[in-house]
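Visitor: Please take one part of this model and go through it closely, in plain terms.

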Amino acid sequence: MNSLRGKIAIVGAADTEVGVIPHLSATELCVKAANLALKDAGISKDQIDGLITCNSMAEPYMYHAEAIAEYMQIFPKYCMAVATGGGSTFSILHHAATAIATGVCNTVLITMADSLRSGLSRDQAMAMQSATGHPQFETPYGLTVPAYYALIARAHMEKYGTTAEQMAAVAVSGRQYAELNPTAQMRTPITIEDVVNSRMIADPLHLLDCSLVSDGGSAVILTSAERAKDFPNHPVYVLGFGEGHSHEHISQARSLTTSSAVESGQRAYQMAGLGPSDIDVAQIYDCFTPVVLIELEDLGFCAKGEGGPFAASGATQLGGSLPMNTNGGLLSHCHPGNPGSMFALTEAVSQLRHTADQRQVSNAQVALVHGQGGIMSSHTTLILGRENS
Amino acid sequence: MTQHLGKNIPTPTAGTQAYWDACHNHQLKIQCCADCQHYQFYPRIVCTQCMSEHLDWVEVSGQAQIVSYTVVARAVSKAYEMNVPYIVALVVLDEGPTMMTNIIDCSPEKVRVGMSVVVCFEDWTDEITIPKFRPTAP
């Protein structure tokens with residue numbers, strides 16, 4: 001089971017500009033990200049023999065990865081589009097690594113983008129939100145996406161005494177990093193009071209507890225650890241993966257307050273031979289602030305139920321015990337939907353290359369990246385290292 | 001019923017028709033396994049506990065408790081705006097399964113986790129009636 005540890009490396013990583021990007025379509029953002037990653041890796045498109053994308057909501061294709069390959073005129077032997085929401089990025093990295101390790105292909109490009117801010121009309125955005133959930137047994141009750149997550153937040157508050165201010169600390173921490181990140185969409189400083197006094201969206205979630213709606217694209221290039229040494233940038237090695245999948249619909253969840261991040265984390269730690277105390281920097285999926293508290297607990301960074309006090313302690317801030325979401329996260333950097341967690345991955349690569357400028361975590365050696373998709377449905381944990389041993 | 005035009009009106013399938021037919025008659029019926037007596041919701045062709053395909057439709061008590069809730073301040077679409085603020089909740093039926101629902105006849109300030117609720121029915125169209133819950137105690 002630990003056969004993949006250290007065998008695969010990320011040799012290219014890049015983001016497009018993010019935020020409100022009306023002059024590029026979702027397809028163009030996807031190709032732009034790919035091209036930036038190729039330049040970062042110092043290779044030509046003809047060296048790509050595996051391509052993975054996720055479909056776009058603003059500009060969908062029946063066969064999205066094939067459409068991107070066609071656009072770029074590349075002819076891969078391994079080609080697919082995936083769709084497990086925010087968990088897509090890391091679960092697909094798992095598959096790509098397996099494909100490289102088993103010799104199916106040598107060099108995989110993962111590129112993802114969407115244009116949720118500029119590419120969807122208001123009616124389309126509403127229709128998308130209205131379609132989230134079970135079409136017979138959930139959507140009739142008028143849930144917005146924040147409302148689904150509010151059910152999780154309320155359950156956590158009830159069970160563990162978590163407060164709105166503790167959830168708000170997650171948003172404040174992310175914004176502090178965004179202030180240091182010139183590419184982030186939202187960089188104005190915020191306080192706990194700003195969050196809890198922002199407009200109520202679905203009680204207990206306020207506007208600033210909710211992630212952004214953005215345009216943007218991001219891409220990485222993977223190859224074997226042996227080949228990785230021939231690329232211009234310091235390789236970032238994949239040390240561990242783990243997935244956990246508990247449900248599709250939140251009304252069918254085994255628990256509202258404990259997620260399958262428990263399983264994904266344990267599996268990733270086991271493969272890496274590492275534990276929570278070995279992690280120098282973490283990128284934890286932050287579509288809504290309470291999600292982060294549950295993931296921090298389930299990944300073992302604090303005791304179960306202690307996510308609120310942990311976030312409020314400042315531990316996740318720069319200089320804290322667990323610098324987290326160092327690009328600003330989905331709450332402050334950008335969130336273009338399914339591709340959202342790609343930016344966490346490229347940020348982790350920057351941190352481990354030691355090129356994260358003002359937000360660099362001093363001497364970062366090991367990073368944990370965690371994504372979740374659906375409504376706490378699919379969880380994937382990835383552990384990356386600056387060295388492969 | 002016109003006030004429900006434009007809402008997310010469910011389309012029954014062959015496997016869920018019995019549920020929606022019961023709702024139409026203002027009865028809450030869910031599946032119970034004939035082999036292991038396990039209650040389940042939503043309707044399926046197999047029992048999630050023993051994978052038996054012998055499932056009976058049983059009228060349940062309609063008594064439930066709120067597991068979690070939210071008060072939606074920004075409606076999901078125009079058709080829901082007149083209901084704002086509305087309560088969405090997960091409730092656990094006395095028989096075991098959990099359902100998504102709205103809590104009605106309850107002010108948003110009064111709703112609580114653990115609150116006892118009972119099923120009631122809202123006729124949305126000539127065919128579709130939506131089960132909702134209201135507090136047991138007035």
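Guide: Helices (H or I, at least four residues) and strands (E, at least two) are DSSP runs, numbered from the N terminus. This is a predicted model, in which local features need pLDDT of at least 70, side-chain atom pairs count only at pLDDT 80 or more, and totals for chains, interfaces and linings use all residues. Residues are numbered from 1 along each chain as its sequence is written, while chains are lettered from A and ligands numbered from 1 in the order in which they are written.

S10(A) pairs (at least two DSSP bridges) with two strands. With strand S9 of chain A, residues 281-284, the pairing is parallel and has four bridges; here Ala367(A) is the bridge partner of Val281(A). With strand S11 of chain A, residues 378-385, S10(A) runs antiparallel, joined by eight bridges. Gly373(A) has Ser378(A) in S11(A) as its bridge partner. Four residues separate S10(A) from S11(A) in a hairpin, and Gly374(A) in the turn has a positive phi of about 75°.
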